[in-house]
Amino acid sequence: MAFHDTLVYINSTVESISAQFIRIPGSAIVLRYVRSSYQNDPMRSFLELCLFLFAVRYFLASKYSFAKKDFIKLSTKEVDDLVHEWTPEPLVAPLDEVDQAEVDKIPVIIGISGPKVKLSTGKSVMNLASFNMLNLLGNEQIRERAIKTVRENGVGACGPSGFYGTQEVHIQTEKDISNFLRVPASIIYAQAFNTISSTIPAFAKRGDIIVADSAIGVAIQKGILISRSTIRWFQHNDMDDLERVLQQVHNDFKGQPLTRRFIVTEGLFENGGDIADLPKILELKYKYKYRLILDESCSIGVVGKTGRGLTEYYNIPATEVDMIVGSLATTMCAGGGFCAGSEYVVQHQRISGNGYVFSAALPGYLAATASEAMSIMQSSPEIFTQLLANTRAFRAIVDKMNYMYSPSDPDSPLIHLQLNPEVLESRKIDDEDKFLQDVVDECIANGVLISRNKVVPSQEVFPVESTLKIMITTGLTKRETEKAAAVVKAAVSKVMSKVPKIKH
Amino acid sequence: MPSNQTKLASLFAQAQAQIQLPSSGSATMNSTSSSPVAAEPPAPSLGIINYTSGASTNNLSPEEIKKRSMQFAPISHQSHRYIPHHPKGQPLSDPVEEEPPLFFLLTTYISYLILIIFGHVRDFFGKRFKKEKYFHLVQQNGYAPLTSDFDSFYVRRLKARLDDCFARPTIGVPGRYVTLLDRVTKDHCQTFSFTGTTTDCLNLSSYNYLGFAQSEGQCADAAEEVIRRYGTSSCSPRSVAGTTDLHIETEDLVARFVGKEAAMMFSMGYATNAAAFPSLVSKGCLIISDELNHASIRFGARLSGAVIKTFKHNDMTDFERLLREEISQGQPRTHRPWKKILVVVEGLFSMEGTMCNLPVLVALKKKYKYYLFVDEAHSIGAIGPNGRGVCDYFGIDPGEVDILMGTLTKSFGATGGYLAADKAIIDALKLANIGYVYAEPMSPPVLGQIEAALRTIIGEIVPGEGEERLQRLSFNARYLRLGLKRLGFITYGHDDSPIIPLMLYAPAKMPAFSREMLKRKIAVVVVSYPATPLLTARVRFCVSASLNKDDLDTILRACDEIGDLLMLKFSSGTGMEHGEKPRWKVEDVIRKGVMDAKRDVL
């Protein structure tokens, strides 16, 4: 019988294998162990067999089979045809005439970007489009310090901070920033724009919650995007809405594991010139146990009696804010940005701040420039009084304008001008940006350089209002500032006079 | 010994000054000394900046000459130069990547295992018994910990042990020598205090390929002039009112240098990549990226919203397989065709020392119609007979590459980055690139440095010097690499690459190597995870034109000693040419090095 034969064959095979096995030295011990542990326990043997089979299946399984669920199998010929047929879009769509004109209209300054500049068109204009608000650009003291540093350190730092890129001047400038803001520590990044998009993802991770103002700048938006955190927006500068959102988050995440929570907002908003209500935000932050990341890129060196930013403006210790991010490239006329906060906040960024770890350090002379600028701000606070006086003089004139209003804080030297809603209704303005560009052109023709608020709409989360952006400087006298305001006012009227009214 | 070395160097400097061969000057064979002491050439006016000749070492005091030679060494012998030449049109052959003996791999694994177990045990007890030290890792007062212990585990438990090897503060110019501020730690690298003394170390760590990190000479002179004329900033984003005539001029010069119609510059190299991708690709597009691309590329790619796929480092077969698969399959789920495919590679990979296989990439581009983005952060200035990057090295028309990106930090001693492409593309990016519209522009003195450096390389100012720098860099890179290989070390990368990673494997060898080198007054960079795979911890040498052969010999001798000390010479010789065996005597390596470094591979 075939069945019997098979059994005999199996028996003999098993016997010969076991005979061979016994010949291996030490096999007796293994056998005894297996026998004794499996005695009267077929369940256990079965379980282990299952485990063994699972392990075999696991190791033999294709590694990425789950990723190719909707993979369509194609022959080489088909792939070749598909490759041949595929036509990509152009890498970058060529500009149309309007956009090309916009590119061509980017002003080119001949020489130093001081308060009065010469443009490549040959026109000399007053410069109200640059962050040189305290007129520190070209300051003799700063200039000499910068030159001295170049003569000591060369220009570039030639390496990331972690690899011999940290120079003595960086350490000193970090100390100066900490002292200036009266916080325990600070860290310098090589570019202001990149600072906050490195700071946020260093702390906020997937699963954390960020509650952000809807008018924050692109750099902050990108930082949030990269962090992969859950984002909730609140209406721009609306504290009731902030509380509503915080309450909602509280309700939504009740009973879930506690994750990090951050409120992110700007001090002086670059896109509006208005100021965040810091006392109220702090109150809510403590109430709902959030940490506050405050982007003071536009407010450090601008707001406050001695330029220490929003905390000075509201007379609140800067240590109340968990992270203050600022720019050294605005009124300090240097370059780079910084994040100030507790010792731990700073230390953590030195190893986890992407823009710090993976980028070359800031050139030494720019760090030195920032230090020198801060020392000037501290030693001569009267420049801020002068800046305020110029700001008020300018506002006094433009606030009387018929067609435009300013959403900016009355004391902010960063002034936005926006078309009145009723003007937009009564006048045939198809393209606000074009209208504003005409105003800018008219101003330049009359000797005042201002700018539209330029944005990249495709990169913004929310649409940004079209505005004119004007930056007051102490480099111009009060009289000149008033004259510039008059030019802006006249330019708006003139351009508006060409716009037909809508007949109702 | 290093002190002897310094003396030697200054002796050389004096000797050279006497025979009118200035250190950073027209010390080349073609410019004979027809213009001696008095005849200082008139300042060339090639644009906005008035350049000094830079070579005016004629009336310098010995101290001044010594100072300059500390930043840029005089060449020891004119034979220490090399012009790289890659056979045109030939694809790049992959360098042999040697495997270490199994024993070292095993001990490396065990090392990490021990570190991880110790770390977890310490964390476990620390969180319970030493709360004040672990406050930032535990939930308190209703706040979640600021950093999670899992995320920071590596940093706290592994990197913290060798923190003295990182972020060593410096003073002065990071040139041929870098001056370190000495520091000591009493609490195992938690805090450091300065002793007040400094150490001059031979610099194998800075990205100073062509040696333009100098506080004297035409570059620093240009920077100073620009500070006087332009100040330190242009105080406004480029598209608003931050564009000066100097920005335009430098951009034109960069474009001309890399062989493109137009270029745009940004104040930070990292941010150049971070801002570039969102303006080039978006949802529905595909980015195909080398797996070892730099963090900035990954950051920018993620910002763009495009799908990102990676291929094995420099593996062109894997790359083509991925391309075919992606083009034929289209977008995930919908199978719609991709809008466009952007392939991103680095010219010279900063941790590997390998170059991208540009000839193959360009050939495949014709068939598969993708766009090619080459990040020349490390290769621009450092690679190619004219220093114009990988296109120059392979003899490929830069027009074949759609976007050439690069940084100006490395070879030019400046900072920031550029994108170079057709004028139509650059113009469109002026409205679409967030780095151009929102970020602060490049600081004008940096432009001065860049212009002077570029014009030196091109030969428009200080004739002969640019050539010398390029050829010395190539020679130094090949000489040091060959020497290390012959001593028996495992190195990664291509022969012409100025980045030479020397493999250490075991984590404990990183601080040991770095500290031993520091004892011998040589500054090096050790890297491991996360910049490299966990197993392949390495020390990365960045060779510079500012070193001369004597410096390299000092380095070889130091490596020889430390290699024996730390058992690092485990090369099997498979990476060596001409059937040579590894583990030579260091004196033999030095004796035969000059001839053999210039020898071509058979």
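In the predicted model, helix 5 of chain B passes helix 14 of chain B in a right-handed crossing, the term for a near helix turned clockwise from the far one by less than a right angle. Helices are DSSP runs (H or I, at least four residues) numbered from the N terminus. Two packed helices are described by the angle between their axes and the distance between the axes. For helix 5 (residues 217–230) and helix 14 (residues 444–458) of chain B, the axes come within 7 Å and cross at roughly 145 degrees; axes are lines fitted to C-alpha atoms over the stretch in contact, with angles from 0 to 180 degrees between N-to-C directions. Contact denotes heavy atoms within 4.5 Å. Helix 5 of chain B contributes residues including B:A222, B:A223 and B:V226, which meet a set in helix 14 of chain B that includes B:G448, B:A452 and B:A453. The residues of this contact comprise 11 nonpolar, four polar and no charged; Ala, Val, Leu, Ile, Met, Phe, Trp, Tyr, Cys and Pro are counted as nonpolar, Asp, Glu, Lys and Arg as charged, and the others, Gly among them, as polar.

Between the chains, 117 residues of chain B are in contact with 110 residues of chain A. Together the two chains bury about 9900 Å², 63% of it on carbon and sulfur atoms, where buried area is the accessible area (1.4 Å probe) lost on putting two parts together, summed over both. Five salt bridges are counted between chain B and chain A, each a side-chain nitrogen of Lys or Arg within 4 Å of a carboxyl oxygen of Asp or Glu. One salt bridge joins A:E144 to B:R228, with the closest N and O atoms 3.2 Å apart.

Over all chains, 65 salt bridges are found. In one of them, A:E442 meets A:K494 at 3.2 Å, N to O. Because A:E442 lies in helix 19 (residues 432–445) and A:K494 in helix 20 (residues 478–497) of chain A, the pair ties together parts 52 residues apart in sequence.

Residues are numbered from 1 along each chain as its sequence is written, and chains are lettered from A and ligands numbered from 1 in the order in which they are written. Local features need pLDDT of at least 70 and side-chain atom pairs count only at pLDDT 80 or more, whereas totals for chains, interfaces and linings use all residues; side-chain values use heavy atoms, with hydrogens and water left out.

Technical notes:
Helices (H or I, at least four residues) and strands (E, at least two) are DSSP runs, numbered from the N terminus.
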